[in-house]
Amino acid sequence: GGEARPLTEGRSWNLSPRYSPDGSRLAFTSDRSGHFDLWVLEPQTGKLLNVSNASQNVFRPSWGPDGRRLFAGTAAGLTAYGLRGDATLLVADRSGVASVAPDGKHLYFEQGRPLYPFEFNPYAVVNSGARIERHDLHSGETEVFLERPGGAFNPALSADGRTLAYLNRNVDDTILILQDLETREERIVLRGLDPDRQEGGGFSGPYSNMAWHPDGKQLFVSFGGGIHAVDTATGQSTRIAFRAPVRRELTETLRFPTTVPEKAARTRAHRWASRTPAGVLHEALGDL
């Protein structure tokens, strides 16, 4: 808690921060280069490095256990980046947030898929929302690890690699679940999180990042307009009180006149009509 200080500044959009295993560096996504790239910041020195420098957007980075590689999603798929800029596509057409096992063998990642209300049928697992897949970094094989009604997303491995935390939508409630990776036993730790964004989270994913405390006894999760420390044994949640004074540079909004055509047209299907002083404004044949 306490007073927060800004680590980035300017007009760029900076999001999805992740500390390196040794805590000396911070990986995040930023559009400061003109599109979203993967950047690494050294908070102590202010040194900033564009790691991906890609021609396509890169989102939601995660560190490997040795701090030498980063894993992030791109339009092409789940990609590994070395700190010198080398990139390796691991899984094509997959682009969710990832969590790497401490032994460096397996990578658990979220694969976003559309979720529809009628698919909460417990027997209808296909297309029931995001799922968690596991990629073997040695063999290159990928398998579906966790799929359930309401989705499985935002995977986060504990520091000892024994427990997987993830989120699920239980009908109209987003819940935090812990799974013992050895026994596959699960338990619900916390209910009442913010509504997830599985229907259209886009590059930011179904939910914001969450992280384990190094001692494995707490999870830090964002909900209710704040950051909370959740006791993994009891499920008790404690809000972390902080102030974040922010100064942002604003640019004048671009405004320009729009000409609305008034010529006559004969159509038979009209949608989204609203009355105006000049008549009725509506859509037909893709035009207004």
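Q: How much confidence does the predictor place in the chain, as an average pLDDT?

A: The average pLDDT over the chain is 90, and 94% of the residues reach at least 70. Residues 122–126, however, have a pLDDT below 50, and this stretch makes seven contacts in the model beyond near neighbours in sequence. As a general rule, where pLDDT is low, the predicted coordinates should not be read in detail.

Q: How is a pair of aromatic rings to be read, and how many such pairs does the whole structure hold?

A: In general, a pair of aromatic rings is described by the distance of the centres and the angle of the planes. A search of the whole structure gives three aromatic pairs. One of them joins Phe-36 and Phe-59, whose ring centres are 5.2 Å apart with 50° between the planes, a tilted arrangement.

Q: Where do Phe-36 and Phe-59 lie along the chain?

A: Phe-36 belongs to the loop between strand E3 (26–30) and strand E4 (37–42), whereas Phe-59 belongs to strand E6 (residues 58–63); the pair therefore ties together parts that are 23 residues apart in sequence. Phe-36 is buried, at a relative accessible area of 10%, and Phe-59 is buried as well, at 15%. Together with Trp-13, Phe-36 and Phe-59 make up one aromatic cluster.

Q: Why is the pair of Tyr-108 and Phe-145 called edge-to-face?

A: The ring planes of Tyr-108 and Phe-145 stand at 85°, with the centres 5.1 Å apart, so the pair is edge-to-face; the cut-off for that class is an angle over 60 degrees. Tyr-108 is in strand E11 (residues 106–111) and Phe-145 in strand E13 (residues 142–146), so that distant parts of the chain, 37 residues apart, are linked. Phe-145 counts as buried at 9% relative accessibility.

Q: Which charged end sits over the ring of Phe-145?

A: The charged end of Arg-184 sits over the ring of Phe-145, 4.0 Å from the ring centre. Another case involves Arg-32, whose charged end sits over the ring of Trp-39 at 5.6 Å from the centre.

Q: Is Arg-131 buried or exposed?

A: Arg-131 counts as buried, with 15% relative accessibility. This residue is found in strand E12 (residues 131–136). The side chains of Arg-131 and Glu-133 are joined by a polar contact of 2.9 Å.

Q: Is Leu-285 buried or exposed?

A: Leu-285 counts as exposed, at 75% relative accessibility. Leu-285 is in the segment after strand E24 (279–283).

Q: In what order do the four strands of the open sheet stand?

A: The order is E18-E19-E20-E21, with antiparallel pairing. Strand E18 (211–212) and strand E21 (237–240) are at the edges and have a single partner strand each, so one side of each is left without a neighbour in the sheet.

Q: How many bridges join strand E20 to E21?

A: Strand E20 (residues 226–231) and E21 run antiparallel and are joined by four bridges. Within this pairing, Val-230 has Ser-237 in E21 as its bridge partner.

How values were computed. Residues are numbered from 1 along each chain as its sequence is written. This is a predicted model: local features need pLDDT of at least 70, side-chain atom pairs count only at pLDDT 80 or more; totals for chains, interfaces and linings use all residues. Side-chain values use heavy atoms; hydrogens and water are left out. Two strands pair if DSSP finds at least two bridges between them. Helices (H or I, at least four residues) and strands (E, at least two) are DSSP runs, numbered from the N terminus. pLDDT is the predictor's confidence in each residue, from 0 to 100. Contact means heavy atoms within 4.5 Å. Rings of Phe, Tyr and Trp (its six-membered ring) pair if their centres lie within 6.5 Å; planes under 30 degrees apart count as stacked, over 60 as edge-to-face and the rest as tilted. Buried means under 20% relative accessible area, exposed over 50%, partly exposed in between (1.4 Å probe, protein chains only). A charge sits over a ring if NZ of Lys or CZ of Arg is within 6 Å of the ring centre and within 35 degrees of the ring normal. A polar contact is a pair of N or O atoms within 3.5 Å; within protein, one must be able to donate a hydrogen and the other to accept it, and residues adjacent in sequence count only if both atoms are side-chain atoms.
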